[in-house]
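The entries follow in the order I made them.

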Amino acid sequence: MKSKKLLLGLGTALLATVLLVGCGPNTQKKETKTDGKTKITFWAAPNPTQLKYWEEMAVEFEKDNPEITVEVSQMKESPSSEATIQSAIASNTTPTLSENINRSFAAQLAANEAILPLEKMSGFSDVVSTRKMDTSIKGWEFSDGSQYVLPVYSNPILFAWRTDILKEAGVPEVPKTYSELIAAGEKVSETKKDVALWAKKDLADPTAWMRWFDFFPLYNAASSGASFVEDNKYVANDKAVEEVFSLINTLGEKKLLRTGEATEPFENGDSFMTDLGPWTFPNWAEKYPDMKFGETYTVTAPVVPDSMASEENISTYADAKGIVMYAQATEDEQAAAMKFLEFVYGDEKNDLKWLEVTSLIPARDDATENDTFKEYFESNPQMKVFAEYVPFAVPAMDNDKYNDIQQAFGEKAWVPSVRGEKGSKEATKDAKKAIEGVLQ
């Protein structure tokens, strides 16, 4: 789910404290067993539906594993869940496991040896194969070759289209390429001057996390999922970066973007395209019952450069998070924790329950082909589109400076491009310069 609170100086300060107090495994001895049972602790995301799910999983697991106790609690969200975790690391009060970790934050934790490489754990490879996530997990491998995160959900960021508005304007097909997008925007503006192509205040906000929902879906689509930063080096596909900037420049010049205040412009018909995650649909069902998939809107992959018009399996950004195991866990706790994960992900019905309870897409490759999910997707066809793109959705970069990287990118390149202050070539050049400056 969208992370709207990211750490700035707090993360660096807290992790520096971790280094001082020691963050290797078992830096302080703690009691592993109580009444002959091994106790593990699990922090669920600050989301009531996710807490409910993990509490139910713990109860079911303990029925078959009476020698292990799983204590589930919800992590604090104030000032942020990341800050809560880092404080726990510094004070040696981490849980055994926690969810709600994206790849970028995991890179920060791994750089300070606060979490364990899961591929070295007995049972991890079985979880990956049993859950049918061999393809999607490849994108989670870190630069050092390790897997620090077991993905729980992967929400591809797709584009939603008001097909009713497009058809009224004489646009029969949803755009797939940049030129088709521009043509559709011009066509709509001829008859509906008050309707923007993309209305979103965040487009002109340099805050780091916002790039996950505008630039990165477009970049991943244009570059076929190419890395942006790898091994602490800027390795972006410059052609794809420039093509995205060129598109944004053109949309701005033609006044097809709107970056002022707006109240749910897509839902209210003030724009005909928006970036979208699957967590949106429960809200639409409650507030906008007239929004009907296949009637008033549809969902597709991000648009691509014209040269990619025939491409299939378009890549996009994955708003994805998973589970990590903390280095302070004892060997008994580590073994018990893996047993718990094998239980949860050893039965696909548990992923179905996750989908039904949270409206977040399970990070597995086979959901749309697996009969367990068939009835759910027949009732929720818009969710099936998201599940289809899980194998092609790219998680956040694995660099502990991710926040600074994305902030610099927004300030020096993206926002000036949106505002028409920099052309595509200049923005591409300045993006590289700004990011390489952060990485030094």
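I took the bend at a residue as the angle between axes fitted to the seven residues ending there and the seven starting there. Helices (H or I, at least four residues) and strands (E, at least two) are DSSP runs, numbered from the N terminus. The model is predicted, and local features need pLDDT of at least 70, side-chain atom pairs count only at pLDDT 80 or more, while totals for chains, interfaces and linings use all residues. Residues are numbered from 1 along each chain as its sequence is written, and side-chain values use heavy atoms, with hydrogens and water left out.

**Helix H15.** I looked up the kink in H15 and found about 50°, centred on glycine 410. Buried means under 20% relative accessible area, exposed over 50%, and partly exposed in between (1.4 Å probe, protein chains only). Because 13 of the 17 residues of H15 are buried, the helix is largely enclosed by the rest of the structure. Just after H15, I noted a positive phi of about 75° at glycine 420.

**Cores.** I used nonpolar core for a set of buried Ala, Val, Leu, Ile, Met, Phe, Trp, Tyr and Cys residues joined through side-chain atoms within 4.5 Å. Which residues touch the most other members of the largest core? They are Trp54, Phe228, Phe272, Phe340 and Trp414, in a core of 120 residues. Helix H15 (residues 402–418) gives this core its largest share, eight residues. Apart from this core lies another, of 28 residues, with Leu276, Trp284, Met308 and Met383 among them.

I then listed contacts (heavy atoms within 4.5 Å). Not counting residues up to four places away in sequence, tryptophan 54 touches Phe42, Ala44, Val72, Glu99, Ile323, Phe340, Val344, Tyr345 and Trp354.

**Helix H8.** I checked burial in H8 (residues 215–222) and found eight of its eight residues buried.

**Glutamine 382.** I placed this residue in helix H14 (residues 381–388). Glutamine 382 has a relative accessible area of 12%, so it counts as buried. Leaving aside neighbours within four places in sequence, its contacts are Phe281, Phe293 and Tyr297.

Threonine 84 sits in helix H3 (residues 81–90) and is buried, at a relative accessible area of 13%. Beyond four places in sequence, I found threonine 84 in contact with Trp43, Lys76 and Ser78. Serine 78 is joined to proline 79 by a cis peptide bond, with omega about 0°. Proline 79 lies in the loop between strand E3 (68–74) and H3.

**Positive phi.** Most residues other than glycine have a negative phi, and most peptide bonds are trans. I noted asparagine 100, with phi near 70°, in strand E4 (residues 97–101). Is asparagine 100 buried or exposed? Asparagine 100 is buried, with a relative accessible area of 11%. Lysine 255 has phi near 55° and is found in the loop between helix H9 (238–253) and strand E10 (257–258). Lysine 255 is exposed, with a relative accessible area of 72%.
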